[in-house]
Each structure stands twice: as structure tokens, then as C-alpha cells.
Amino acid sequence: MVWSDSQIGKEKCMANGYFKLVKSGTGFGLQIIVPTGGGEQVKIGEVTDYLTQHDISCDLSVLKDALSQRWNTVMPLGSGICPSINMSYRLLVEEGNMSAIIRLYPPSETGKMLTVQDILSDLAGKQIKYGIQKENIEVAIAKELYCTDIVAAQGQEPREGKDAVIEYYFNADAKARPTVKDDGSVDFFHLNTISHCKAGDVLARLTPADLGDSGTNIMGAVIKPAAVKNLLLKYGKNVELAEDKLTLKAQVSGHVVLEEERVVVSNVLELKSVDISTGNIDYDGSVTVTGNVQANFSVRAKGNIVVNGLVESAFLEASGDIIIARGMAGMNKGELKAGGNVVAKFLESAKVSAGGYITAESILHSTVMAGKEITVDGRRGFITGGRICATNLIKAKTFGSTMGTSTVLEVGADPSVKVRYAEVQKQVAELTKMVSSLDPIISTYIQKRKQGVKLTGEQLQYLASVVKTKEQKLPELKKAQKEMAALAEVVDQQAHAQVVVQESVYPGVKVVIGDVSMIVQKEQQYCRFVKQQGDVKVVGM
């Protein structure tokens, strides 16, 4: 056991066994003192190391017998005068220099005791100077706690800090999808994609980073806690930062979203229906229609559009998501355009486009285009007729029909994207080279002015033109770099684009992946269409 300052002086009845060289008859011997109060027995290895260190030999079998006795014994070691061996100790510095343990060994009967100051001076000589447990050493010597680990110095561990945390009090997950019920139908009424708020509502709260506290090892070296992550509350329109600088609140009632880590609130316009009583709708925030959107009317919103009823052959355009609980009967005139996602019960004879994903229970005779993926789930789960396009994935139970209905499925980036990607790469390289070539010119003139060199009017004019050129080209470079990153992502996604058939695909369906295509000749089930070795291939699930 290790004796610390919380134990020394309290465990009065407990003591480890120890050994000591004493006079014995005409010679000297090793006195074995048995432990008390449940202390540790004398260890044979510790005895033999001690005797070897002082060039004293012994019979191991006799030593083992002496250590096995339950009472204090003296084992003869030799004739002559008892060696004069002073009290000593063994020092163990634990890994990381966080603690120093000493183990005292008694002096021989003719040897001298160590003082507390002797040990303190020795520790100082070994550069151990922080967290010295002087009281432990004093008690250990006074109570003759031999063959016992004593904490002589204890470092201070660093207190680790914590990363900053932002807690959002709204649904900040832009990937929320509709829930499929046990009966296979899709619950379009509980999407959790729209987060409403009222003026004064707390939208987010920041718990600042806890930097922690530095520690110190027994050598006096400072131990710093691990680095932590700091965060800032970012916010946009209709949101204010509270006086405590830790809380974001809504300034108006509306719809709250997280856009590029910024909390933004958009006003929500609520309507019973869109018809002759309302006319066309053009709104800066989000629009919620509790009833239907009738034919020939339009709804435009900078936020989301939610229709709890049916959309007829109308036009809906939203910068965010479009959600239609009962679906859309487009009659070949209706159109949906969403910067985000489209979720609908069904899509029939309509034109639909979305920057994100599109989800429905069925799609019939429609032109549907999604920036990411198209998923048709639920009890029906079919895509029949029309043209269906997505960058990453098209997934449904059934494609086409037994009647051979013309159905085109396209995934992957258009070949023109690769051409544009190469063009933008070249543009970025040229702009980077140009901007880099201007920096040395500007630096040279600035250095001359610092050195007191007076520039001529012509030189100043040239410098101004160089600076102006850089100011003009930098925004162009940043814009091109952003476009290049977006195109790179699209090109990369093309390699993994696929059509997933969860039940059946019928003859007459055309599958296009990037720049290659195939027409299904016979019914296939539970399969995937992927691009392999330059062709469209059918592979298993």
C-alpha cells in the first residue's frame, strides 16, 4: 500500500513488516519484525537486494524460513562486529513526474538515523521541489514506518476544460425526412422540418468553453490542459443577441432555420387556401396553406411552402422546401420549384425540381429533377412514365409498368459538368498566378516608401493600378474557387450514382447514368443499376 497524508497518523495500529541488522551473540544477524494490524509481510526480494547492496551473504532457505515465522526472529548472518549501516531510502518517481514515493530502510543497530532535513535536501538535489509532503516524511521517520511506500511529493494534475457547446431550441437538422408508418404509408403531417417561433423565444444558447486549469509536476514544470474548441453564436435577420452575449432570441414570430451555422428567422404567412379570394402569393418569408392551392394560381416564397391540402395545376416556387400533404395533380400544367427539398403524397402530371431531395409515395407521368436524390416510399412506391433525374440516387419499389410505359431514369452529372469543371480549374490557376505576380510588385513599392524613397508620379500611378487590379481579381478568384469546389463534388458523386429497384423494373424503362444508357429488355427484381467499365450494369442488392 502507499501511505499518503490522509493515512499517516490515522492508521496507528497498522504497520508493514521490516528487517534490521542487529548484534547477535558473538556476531550479527538479521532481525525480522512481523507486520501489525494487517500490514504487508517482508518481501524476500527486498531483503536480498538490501543484503547484496551491502555485500552481506545469506542462506536463502534459512531466510525463507525466518520470513515465514509469525513472530519476531533474528537470523544469524555472520561473526564479528555488526556492520555500521545508516538509515536509507529508495526513491521512485512515477511516470510523468507527478509523484515521488520513498521507502525507508532502518539503520543497523550501530548505524545512524536520517533526519527529515536530510531527505528534503536530497529531494531538492534531485530537482524535486513542488508538492513536498513534509508531514508525511516527518511521521514516517518518527513512527519508523520502514518498508512502506510513503508519498514524499505530489504534483497537481491539470483540470481539463470542456469545448464550447451551442444548444439549439429548434430542429437544426436539415436532413429530416418523412416517417413511414407501420402500414407502409408516409406520415406527411409530422415531418419536423419546419420550426415555428414567436417573438422573444430563445432560439439558441452558448455554453462558453472551459479552458481548464494548468497543473504542476513535482519538478515544478507546468502541465497545460488539452486545448478546447471555442464557438461563436452566429445569427442573421430577425434574430438578436441577448445582453449576456450567450443567448439568441427571435425578434419576430415566424420560422427559424440554421443557414451555414447562422440562426435566421423568416416570417410565416398563414392562409386557409390559395384561390380567387387571395390571388397569387409572393412572400419574403414562409407560407403555410391549411387548405388547397387551386389551379392557375401561384405561390412564391423566400422561405418554405407548406400545403396541408391538395395542389392542382398551380405554380409553387420556394427558396427553401415545398411540402404538400395530399400531393399534386398537375394536369400537365402544374409546376414545383424548390431550392431545398420537395415532399409530397404523390406527384401526377407535373413538373418538379429541387436543389436537394424529392420524396413521394408515387410519381406518375411527371418530369422530376432533384439536385441530390429521389426516393419513392410507402405502400405504392412506384414511378411510372415521364422523366426522372437526380444527381446521386433514384430509389423506388416499382419502375415503369406491365404496359411498357415509357419511363426515363437519369442519375449522375451531365457530361457538360466535366467540361465546365475543367474550364473553372484553368480559370482558378490563371487567376491565382496573376494575383501572386502582383504581390511582389506591391511589396517592393511599399518597402521603398518605408525606406524614405520618394516615388515619382508615374510610379505612384502604376502602383495604384496594380493594387486596383488585385482588388478586382481577388473576388473573381474566390468566386471561381467556390464554383470549382461545387463542381468537384458533383463530378465525384457521379461515380457513385445509382438506381435502386426495391421490387420490380419493367421492360421499356430507360436508365441513363452520366453519358451512358440502357433500355430494360425484361423484368428485373431487387437490383441496382450502376455504371461499370463505361456501361450501365445491373447488379444485385
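Start by selecting Asn-97, which counts as partly exposed at 29% relative accessibility. Keep in mind that you're looking at a predicted model. Asn-97 sits in the loop between strand 5 (88-93) and strand 6. Check its backbone: phi is positive, about 55°, although Asn-97 is not a glycine.

You'll find Gln-127 in the loop between helix 3 (116-125) and helix 4 (134-142). With 48% relative accessibility, Gln-127 counts as partly exposed.

Now for the rings. There are six aromatic pairs in the structure. Select Phe-19 and Tyr-105 to see one of them: it's a tilted pair, with 6.1 Å centre to centre and 35° between the planes. This pair ties together distant parts of the chain, since Phe-19 belongs to strand 2 (residues 18-24) and Tyr-105 to strand 6 (residues 99-105), 86 residues apart. Are these two buried or exposed? Both Phe-19 and Tyr-105 are buried.

Next, pick Tyr-168 and Phe-170, an edge-to-face pair with 5.6 Å centre to centre and 65° between the planes. Tyr-168 is partly exposed, at a relative accessible area of 28%, whereas Phe-170 is buried, at 11%.

Last stop: Tyr-445. Lys-448 lies over the face of the Tyr-445 ring, 5.5 Å from the ring centre.

Conventions:
Residues are numbered from 1 along each chain as its sequence is written. This is a predicted model: local features need pLDDT of at least 70, side-chain atom pairs count only at pLDDT 80 or more; totals for chains, interfaces and linings use all residues. Side-chain values use heavy atoms; hydrogens and water are left out. Rings of Phe, Tyr and Trp (its six-membered ring) pair if their centres lie within 6.5 Å; planes under 30 degrees apart count as stacked, over 60 as edge-to-face and the rest as tilted. Helices (H or I, at least four residues) and strands (E, at least two) are DSSP runs, numbered from the N terminus. Buried means under 20% relative accessible area, exposed over 50%, partly exposed in between (1.4 Å probe, protein chains only). A charge sits over a ring if NZ of Lys or CZ of Arg is within 6 Å of the ring centre and within 35 degrees of the ring normal.
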